[in-house]
Amino acid sequence: RPGSRRALPGPGRRANATMHSSGLPPDAGKRREQSERPLRLVIGCDLDTPSEALRDALRIGNALTGRGHQVIYLAGDPVALVDQAGSPITSALHQAPAKRAAPHLVMKRPATDGLADRLAVGGFDDKQTLMTLASVCNAELAGIQPDAIIGIGTPILWLVGPAHAPTFAVGSGSMLPPALGTSFPRLTANSTPVADDNTMLSNANAVLSRMGQPSLATLGELVTECRPILYGLSALDPYLQLRSSHTTGLLGAAPSPSLPPESDRLAAFLDVNCPNIEMLILALAGFGRDIPIDVCITGATAGMRRFLQQQPYVTLWPNYESMMERAQRASVLIHHGVQDVTQQCLVLGRPQFVLPWTAEQEMLNYMVGWMGITWSKSPTISIEEMAATLHDLLRDTSLPVSAQHHARQLAQTDIGDALPALVEQIEKVREIA
């Protein structure tokens, strides 16, 4: 559209065909060479990007690397990204700008509820902070000179990226909400906004003005002025009824129902930031005397790992992905209410035991409650209650029946792997580069 930031070449963009002095298109040989050349791609993740989105970034990065492209990760928390990978990342790894940690005050901000609140927490509520973060991000991109930018839950990268290269706003349902009115929808009714939308829009436009870029008319254009790519199960999308676009499919997976194992086995996908995590670990270790358990804990301390490695019936995995590949051998999957593990339960046909501790996890737990495949408890339960709940859950024969039913239904749909379509869209930037 007129005035769109997409149409502007901006600093750091590659020269395109319109810059040839002859005004003629390149010959066929040059076109073929252009269509086959590897791309330099940036994949960005903010400091507060949830662990499941970091895993998605790695899946996308591995798919693009497998196609011969050069991938540079711009991560707000590089250590967390490497932790999710389970091994050193061979691609280039850069530190993304991050807002300083919030002070520990008695009077705290309201809990974040939707993308608009994440913008505020990420720096959009303060002009000087946003200017600083955008300036650092600009310098990084100017040095990298990417052919395309993939941002997963990265509002600042969505803001400044289009001035450098075609920018894709990528995410699952909860991470990539649609624009609604002048902003973004909220997850819960009557929740208190963290900051004023008009103030954040004014701050964002101050950044764009300093860069010589057109202003945004609404906060929603932060996403729509990029190239949005939505993936994931529609059943797990809290904004489904507000969307005009459809999901491209499951990220790196396809429906593949498998029969439950003959003997009981648990797979626990946990996060070290969860309240009461130590008690949960002790409960699983004690329960593992009767039933084998696979465990992976994002951000686990050395002490946690040593303790679990000493338990004879517990197998400790270095990262979610390696354990997810073996999820079919588990009777029940235990997690906090994250999208990729829930998706795996639905793909394989496995019940899940959910221990949610954030608003997004509570929302996802609520959304799948009708399926009859889930038991849920607060993570603050006692060791005794946890053990009793696991025993009762494994005796509930209705859960695997419901899980198998939904897995077979999903397998009959035409939903497929989103990665090929996503890679194809990204590779199309060659046509304008």
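The legends below describe close-up views of a predicted model.

Local features need pLDDT of at least 70 and side-chain atom pairs count only at pLDDT 80 or more, while totals for chains, interfaces and linings use all residues. Residues are numbered from 1 along each chain as its sequence is written, and side-chain values use heavy atoms, with hydrogens and water left out.

**View 1. Asp340 and Arg55 form a salt bridge.** A salt bridge is a side-chain nitrogen of Lys or Arg within 4 Å of a carboxyl oxygen of Asp or Glu; the count by this rule is 14. In this pair the closest N and O atoms are 2.6 Å apart. Asp340 lies in helix H12 (residues 339-348) and Arg55 in helix H2 (residues 51-66), so the pair ties together parts 285 residues apart in sequence. Helices (H or I, at least four residues) and strands (E, at least two) are DSSP runs, numbered from the N terminus. Asp340, at 8% relative accessibility, counts as buried, and so does Arg55, at 2%. Buried means under 20% relative accessible area, exposed over 50%, and partly exposed in between (1.4 Å probe, protein chains only). A network of salt bridges links Arg55, Asp56, Arg59, Glu321 and Asp340.

**View 2. Asp113 pairs with Arg186 in a salt bridge.** The N to O distance is 3.7 Å. Asp113 lies in the loop between strand E3 (92-95) and H4, and Arg186 in the loop between strand E5 (167-171) and H7, so the pair ties together parts 73 residues apart in sequence. Asp113 is buried, with a relative accessible area of 5%, whereas Arg186 is partly exposed, at 27%.

**View 3. Arg118 is buried yet has no salt bridge.** Arg118 is in helix H4 (residues 115-124). The nearest side chain of opposite charge, Asp48, is 5.3 Å away; Lys and Arg count as positive and Asp and Glu as negative, with His and the chain ends not counted. Leaving aside residues up to four places away in sequence, Arg118 touches Gly153, Ser174 and Met175, where contact means heavy atoms within 4.5 Å.

**View 4. Arg329 and Asp294 form a salt bridge.** Their closest N and O atoms are 3.1 Å apart. The pair links distant parts of the chain, with Arg329 in the loop between helix H11 (320-324) and strand E10 (332-335) and Asp294 in strand E8 (residues 293-298), 35 residues apart. Arg329 counts as partly exposed at 32% relative accessibility, whereas Asp294 is buried, with a relative accessible area of 3%.
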